[in-house]
Amino acid sequence: MTSATSPRPPGRPRSGVNAAVFAATLSTVQELGYARATVERIAAAAGVAKSTVYRRWPSKGALIVDCLLDAFGPPPLEGADRAEVLSSTIHWAAAKIAEPGVGDAFAGVFSDAVSDPALREILSSRLQDPYRIALQEALGEPEHRVLFFIDVVTGTLLHRMGMTGEPMADADVTALVEMVLPHFADGPA
């Protein structure tokens with residue numbers, strides 16, 4: 001008797017390859033630094049061919065952006081009021097940036113985007129826009145205020161990583177929340 005289902009195509013399932021490449025990306029960036037974490041090294045660490053990576057991501061920057069999307073996941077947007085939503089978002093972003101390899105990858109791709117308009121567009125449309133839209137909807141804020149919130153929080157967290165090589169300490173994250181809340185907690189200006 002023949003089966004109505006066709007056998008699985010050769011190779012790993014797509015999600016399995018993506019997960020392996022994302023894990024290898026973060027560990028390679030953490031071990032070697034962003035600049036030395038080449039697609040070739042990431043592919044080798046993931047146990048896949050370099051061509052497998054390039055079939056999914058046209059550049060290292062595009063790979064890093066998708067890796068960051070995977071690492072961050074959806075924003076929690078939790079809380080009984082605006083202040084709690086903003087506070088939980090800042091704590092969530094700080095915790096994610098503190099994860100091994102994530103802050104390094106984020107800072108590296110962000111730095112590369114300064115002189116690469118195509119990568120800036122990928123960062124804006126694929127990484128920033130989903131979080132901006134979610135925050136706009138949750139807070140009822142106009143785009144320019146949410147972008148300013150993202151700039152202040154992310155910029156501060158990445159600056160700390162760049163200047164110290166370490167994520168922001170919990171007490172400093174709390175201080176950042178206390179500094180940012182007065183500007184945003186009362187709603188649109």
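User: What covers the buried residues of α8?
Analyst: In this predicted model, the cover includes α5 (82–98), α6 (102–113), α7 (117–139) and α9 (170–184).

User: And which residues of α8 are buried?
Analyst: They are R145, V146, F149, I150, V153, T154, L157, L158 and M161.

User: Ok, back up a bit. How many residues has α8, and what does it reach from first C-alpha to last?
Analyst: α8 runs over residues 143–164, so to speak 22 residues, and reaches 31 Å. That's close to the 32 Å expected at 1.5 Å a residue.

User: What comes just after α8?
Analyst: G165, with a positive phi of about 75°.

User: Let's talk packing. At what angle do α5 and α8 cross?
Analyst: Roughly 30°, and their axes come within 10 Å. Angles under 35 degrees count as roughly parallel, so α5 is roughly parallel to α8.

User: Is that crossing left-handed or right-handed?
Analyst: The crossing of α5 and α8 is right-handed.

User: Which residues make the contact?
Analyst: From α5 you have L86, T89, I90, A93, A94 and I97, and from α8 there are F149, V153, L157, L158 and M161. By class, the contact of α5 with α8 has 10 nonpolar residues, 1 polar and no charged ones.

User: Now α6. At what angle does α6 pack with α8?
Analyst: About 105°, with the axes 10 Å apart. That makes α6 roughly perpendicular to α8.

User: Which residues meet there?
Analyst: G103, D104, F106 and A107 in α6 meet T154, L158 and M161 in α8. The residues of this contact of α6 with α8 split into 4 nonpolar, 2 polar and 1 charged.

Key: Residues numbered from 1 in each chain as written. Predicted model: local features only at pLDDT ≥ 70, side-chain atom pairs only at ≥ 80, totals over all residues. Heavy atoms only, no water. Helix = DSSP H or I, 4+ residues; strand = E, 2+ residues; numbered from the N terminus. Expected span 1.5 Å × (residues − 1). Buried < 20%, exposed > 50% of the residue type's maximum accessible area, 1.4 Å probe, protein only. Contact = heavy atoms within 4.5 Å. Axes fitted to C-alpha atoms, helices over the stretch in contact; angles between N-to-C directions. Parallel < 35°, antiparallel > 145°, perpendicular 65-115°, else oblique. Nonpolar A, V, L, I, M, F, W, Y, C, P; charged D, E, K, R; others polar. Left-handed = near helix turned anticlockwise from the far one by under 90°.
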